[in-house]
Amino acid sequence: MPSLPTNFGTLDWLIVAVYMAATVGVGLYMNRYIRDMGDYIVAGRSLKSRLAVATMIGSELGLVTVMYSAQKGFTGGFAAFHIAVIAGVVTFIVGMTGFIVVPLRRLGVMTIPEFYEKRFSRGVRVFGGLLLAFAGILNMGLFLKAGALFVTGLTGLTDPGSVAVVMTVMLALVIAYTIMGGMVSVVITDYIQFVVLSFGMILTCGMAVYALGWSTIVETVAAVHGESGFNPLLEGSGFGPSYIMWMIFTAGLVSCAVWQTSVMRACAAESVAVVRRLYRWSSIGFLIRFMIPQFLGICALTYFFNMPEFRGFFFDETGSPTADPTMTLQAMPLFLFQVLPTGIIGLVGAGLLAAFMSTHDSYLLCWASVLTHDVVAPATNERLSTRWRLTLSRVFILLIGLFLLVWGLWYDLGQDLWDYMAVSGAIYFTGAFTLLLAGLYWKRASTVGAYLALIAGIGAVAGLGPVNKALGLGMYRSDEIGLAITALALVLMFVGSLVFPNRKDRLDHASWAERAQQEGREGQPDRPKRPDRKEEA
Amino acid sequence: MEFWSTLWAVVFALCLLVFAVVAVYVSVGAIGDIRALFRKMGRRE
């Protein structure tokens with residue numbers, strides 16, 4: 001890693017320390033509100049629209065998102081913006097139609113595997129829960145590494161040992177307040193983070209454009225990437241039509257309507273009307289969480305390309321971005337702490353570190369809850385008491401944290417972080433999407449079809465860099481493998497359901513849907529018009 | 001290339017503006033929602 005001077009000073013350390021202490025303190029204080037699993041996982045289903053939007057964006061706009069999006073901007077130029085636009089447009093469409101999320105909220109489930117049991121069987125729930133937790137934990141496996149690279153850039157520390165110690169302390173803090181406060185602490189810390197990061201990032205964009213100049217940015221992208229730096233439809237751009245299709249599915253539909261951490265926000269909403277509004281309003285957040293970091297990645301590209309003394313670290317002899325993903329990940333934080341003045345660095349740095357903690361707490365809570373609620377509890381015939389469930393969730397949070405520490409330091413990335421995350425997540429979501437789609441909208445979907453679709457999804461692991469090489473599938477890109485696995489899961493669900501339909505004694509779709517509607521009405525208010533106006537007032 | 005660079009410039013500026021408005025609205029409005037959340041959870045306590 002290049003040793004660059006940084007503007008990070010004593011004032012910035014102070015800002016970061018105060019901000020971190022306040023965030024952790026608020027999280028720990030929230031423990032007093034936790035009475036049962038409903039409070040712990042979905043905050044008692046008490047979130048109103050604006051707080052739900054803040055926490056949704058706050059959670060999804062994490063440090064890791066910022067890091068991998070900036071990397072995409074660095075390696076793909078303005079063409080990477082198509083990912084952001086897709087994410088925003090698809091989330092808005094989900095908000096308008098209520099696709100997947102509204103029926104789930106009506107059912108009153110807390111997790112997606114819980115839906116599997118209502119629609120298919122307890123076995124599907126346990127198997128789906130295991131897959132979800134496995135893929136989810138693998139997916140967040142490199143969060144710590146991304147955080148470590150950010151801290152390195154932030155403080156100018158070059159000793160890898162020091163960074164590992166800092167990250168261990170950060171992880172310990174996150175684990176402490178997530179274990180104590182559950183979803184209530186997550187919601188409040190997400191809100192704080194939303195406020196700081198939203199305004200901090202808008203300000204940072206303005207300062208970056210002021211420092212570099214818009215025309216210089218455009219000219220540098222044209223010099224480094226050529227037309228492929230602007231046109232995502234070009235095959236040579238690293239994107240192309242199949243990649244765009246993959247993004248519509250992953251960055252669009254999956255990240256807002258199938259990924260458990262987002263669905264948890266929908267499940268925590270006060271009513272169906274709030275769910276719809278949450279998605280419509282959050283669509284701009286889903287867009288911007290990619291676009292602003294991508295733009296900062298482009299600015300980093302511009303900055304380092306025009307600095308001959310540092311160009312060698314980030315570009316090869318031909319002037320193309322280096323193939324080393326660690327360097328392309330580090331470019332954005334290194335750039336930020338060259339350009340931003342003291343004080344502002346502290347605020348942005350604290351916001352991003354809080355974002356790191358916030359993403360961790362949401363994900364730790366989510367996967368630990370899935371393991372407790374959807375794997376252990378059903379496997380013991382729901383005999384676990386509330387106290388045991390809370391204890392078990394807290395133990396799982398601790399174990400997952402320890403795994404992250406080991407995996408983050410050990411795994412060799414070998415591809416863009418975003419692609420790693422899309423592929424590791426695909427182990428779960430290719431199957432989960434099929435089960436949700438067929439389970440909610442196709443009356444003949446059967447338990448056997450559900451098992452087959454979940455098993456097919458495991459094949460997505462072939463898209464991970466090291467696995468892809470080991471299997472000799474180098475000629476296929478991760479997006480092509482992901483799309484093929486999704487199609488396979490859909491076909492297997494369809495064929496499996498037709499060949500092995502459910503027995504007559506299981507609920508048919510009509511009665512199931514009726515029950516779902518009924519549960520929605522009984523569980524929580526679902527009156528879209530008058531309460532909306534009341535809430536707004 | 002001219003088309004794409006103009007398109008991304010317009011999209012970026014527009015999105016930043018809309019997000020700034022949403023950020024202000026949500027930041028202010030969510031304070032009331034937090035109060036309501038505490039009231040509701042406090043009552044159950």
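1. Start with A:F230, which sits in the loop between α11 and α12 (241–258) of chain A. (Helices here are DSSP runs of H or I, at least four residues, and strands are runs of E, at least two, numbered from the N terminus.) A:F230 is buried, with 25 other C-beta atoms within 10 Å. The cut-offs: buried takes 20 or more other C-beta atoms within 10 Å of a residue's own, exposed takes 12 or fewer, and partly exposed is in between, with C-beta atoms placed from the backbone.

2. A word on the model and its labels. This is a predicted model, where local features need pLDDT of at least 70 and side-chain atom pairs count only at pLDDT 80 or more, while totals for chains, interfaces and linings use all residues. Residues are numbered from 1 along each chain as its sequence is written, with chains lettered from A and ligands numbered from 1 in the order in which they are written.

3. Which residues does A:F230 touch, leaving aside its neighbours within four places in sequence? They are A:G77, A:F78 and A:A79, plus B:M1, B:W4, B:S5 and B:W8 from chain B. (Contact means C-beta atoms, placed from the backbone, within 7 Å.) A:G76 lies 8.3 Å from A:F230, C-alpha to C-alpha, although 154 residues separate the two in sequence.

4. Now the contact between the chains: chain A puts in 31 residues and chain B 25. On the chain A side, α3, α5, α10 (160–212), α11 (214–225) and α14 each supply at least two residues. The largest share, 7 residues, comes from α10(A). By class, the chain A side has 23 nonpolar, 4 polar and 4 charged residues. (Nonpolar covers Ala, Val, Leu, Ile, Met, Phe, Trp, Tyr, Cys and Pro; charged covers Asp, Glu, Lys and Arg; the others, Gly among them, are polar.)

5. Helix α3 (residues 49–60) of chain A has 12 residues and reaches 16 Å from first C-alpha to last, close to the 16 Å expected at 1.5 Å a residue. (That expected span is 1.5 Å times one less than the number of residues.) Since 12 of its 12 residues are buried, α3(A) is largely enclosed by the rest of the structure.

6. What does α3(A) pack against? Its axis and that of helix α14 (residues 272–305) of chain A come within 9 Å and cross at roughly 35°. (Axes are lines fitted to C-alpha atoms, for helices over the stretch in contact, and angles run from 0 to 180 degrees between N-to-C directions.) The crossing is right-handed; that is, the near helix is turned clockwise from the far one by less than a right angle, anticlockwise being left-handed. Among the α3(A) residues meeting α14(A) are A:S49, A:V53 and A:M56.

7. Just after α5(A), A:G98 takes a positive phi of about 75°.

8. Finally, helix α8 (residues 122–139) and helix α19 (residues 417–441), both of chain A, have axes that come within 7 Å and cross at roughly 155°. That makes α8(A) roughly antiparallel to α19(A) (over 145 degrees; under 35 is roughly parallel, 65 to 115 roughly perpendicular and the rest oblique). This crossing is left-handed. The contact of α8(A) with α19(A) has 9 nonpolar, 6 polar and no charged residues.

How values were computed:
Contact = placed C-beta atoms within 7 Å.
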